[in-house]
Amino acid sequence: MSITERPPLAQLGDPAVVANPYPVLAAIRAATPFAAVDGKLIVLGRHADCSRILRDSRVSSERGRSALAPPGGPRREGMSFLSMDAPDHTRLRRLVAKAFTPRVIAGFAPRIREVTHELLSAAAARDPHELEIVSQLAYPLPVQIICELLGVPAGDHQRFAGWSARLAHSLQPRFIEQDEEGFADAAAARIEFAEYFRELITQRRAEPGDDLLTELIRAEDEGSRLSEAELLSTSILLLVAGHETTVGLISNAVLALLRHPDQLAALRADPGLADGTVEETLRYDPPVQLTARIARSPIRIGEVEAQDGGVILLMLAATGRDPDVFPEPDRFDITRAAGGHLAFAAGPHFCLGAPLARLEASIALTAFADRVTAPELAGGGLTYKPNFNLRGPERLVVRTAGIRPVP
Ligand code: HEM
């Protein structure tokens, strides 16, 4: 399949565009809503349209319903609740939701602070004048925390990092490239991941812990609350979603602060602006650029109509810069009340990990502003991952006058 009807969409896969997709996204937003691929794909980029569709009960998250799915489509067994509809989605989400409420997550703040400071101190010990944000802070922090929350040994990270990245790659939408190999690779990664969790579940059954995996195992053991396949897919979802996204939030925020020194100075002067910095980054440069829904019945959106089975592509990253909602949308301003963005989606699939991602990023940015003195983006120090959906820096090198000791 190729999308030639509206050229800007295909450009999103271009590496130069991945580094700064916002001009292309603005052009796409201005053209939306529009239909492509013989009307089987509807593209939305306006905040009002995306917000409405995410909450519309006539849409589905089951990719197998898509008119664009390959024949024989993705098998349902490997699917997590991210790709399910009610009632299965509701039942599975409810089982884990209580572990992610803002109140429960707030209890992790001291541990998140401790890990953040350990990471910055380790970086300072290695080189007091250079910090590579992705590998030394933005990636290891969420990995460590989601592992502890879930009950996965963080030391196993080397084993699952590759599977996780391959699964994250599979979230690239299919219209960018005909990537059969990529899909087969993601399916293989899922199988290896499931094997890994099967081993871990056997161990945890023998020696229960005080963690989410143990709780999920109990729910399985108690009978009909979740099947073994659901236990595996839920564990994989939480582990992958728990770290392949927050890394982008922390890195994108640091990058925006480096490019806007007045904003960094404001944050340093008032650490109370850390939460605002996180919200503004989610609006201005979100880690998840898009998602999709499938129409279950004809749905009219402005001039276009999605047919049953039609794919509705929601350009979340375009909605954050919609001038109808955010005045001067291209300005990064940590004092603006950026609430109302769709970086975590909306409706029944609203990101379950939002309180955790927000807290981790807020603590990481506070520590960065406080301890990393006179930071500057190193020349040639920024490269992006090739993914444009789960988008963010692969490397972000900061030169600094020094990393201060823990306050
Ligand atoms: C900045 C970081 C994050 C961003 C931008 C983000 C974004 C999103 C988005 C856009 C969705 C909705 C996808 C859709 O419905 O199509 C979602 C769902 C989800 N996220 Fe996150 N996420 C982040 C961090 C996390 C973390 C730390 C976790 C922790 C485990 C997590 C777990 C989940 C889960 C389980 C879902 C599925 C919810 C459902 O289907 O009901 N996310 N996320």
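**Entry 1: the ligand.** I began with Arg 93. An N or O atom of its side chain is 2.7 Å from an oxygen atom of the ligand. I keep in mind that this is a predicted model. Next I looked up Thr 291, where a side-chain N or O atom sits 2.5 Å from a ligand oxygen. For His 349 I noted 2.6 Å between a polar side-chain atom and an oxygen atom of the ligand.

Which elements give two or more residues to the shell around the ligand? I found helix H5 (88-97), helix H13 (228-244), helix H14 (246-259) and strand S5 (291-295). H13 gives the largest share, 4 residues.

I then took the shell as a whole. It holds 27 residues, and those that come nearest are His 89, Arg 93, Thr 291, His 349 and Cys 351. By class I noted 18 nonpolar, 7 polar and 2 charged residues.

**Entry 2: helix H15.** I moved on to H15, residues 261-269. Gln 263, Leu 264 and Leu 267 are buried there.

Entry 3: I traced an open sheet of 5 strands. Its order is S1-S2-S8-S5-S3, and the pairing is mixed. Strand S1 (34-36) and strand S3 (59-60) stand at the edges. Each has a single partner strand, so one side of each is left without a neighbour in the sheet. S5, noted above for its part in the ligand shell, is one of the strands in this sheet.

How do S1 and strand S2 (residues 41-44) run? I found them antiparallel, joined by 3 bridges. Within this pair, Ala 36 stands opposite Leu 41 in S2.

**Entry 4: a loop residue.** Last, I looked up Ser 83. It lies in the loop between S3 and H5. Is Ser 83 buried or exposed? I read a relative accessible area of 7%, so Ser 83 is buried. I then set aside its neighbours within four places in sequence. Ser 83 is in contact with Ser 61, Glu 62 and Arg 63.

Definitions and conventions:
Residues are numbered from 1 along each chain as its sequence is written. This is a predicted model: local features need pLDDT of at least 70, side-chain atom pairs count only at pLDDT 80 or more; totals for chains, interfaces and linings use all residues. Side-chain values use heavy atoms; hydrogens and water are left out. A residue is near a molecule or strand if one of its heavy atoms lies within 4 Å of it. A polar contact is a pair of N or O atoms within 3.5 Å; within protein, one must be able to donate a hydrogen and the other to accept it, and residues adjacent in sequence count only if both atoms are side-chain atoms. Ala, Val, Leu, Ile, Met, Phe, Trp, Tyr, Cys and Pro count as nonpolar, Asp, Glu, Lys and Arg as charged, and the others, Gly among them, as polar. Buried means under 20% relative accessible area, exposed over 50%, partly exposed in between (1.4 Å probe, protein chains only). Two strands pair if DSSP finds at least two bridges between them. Contact means heavy atoms within 4.5 Å.
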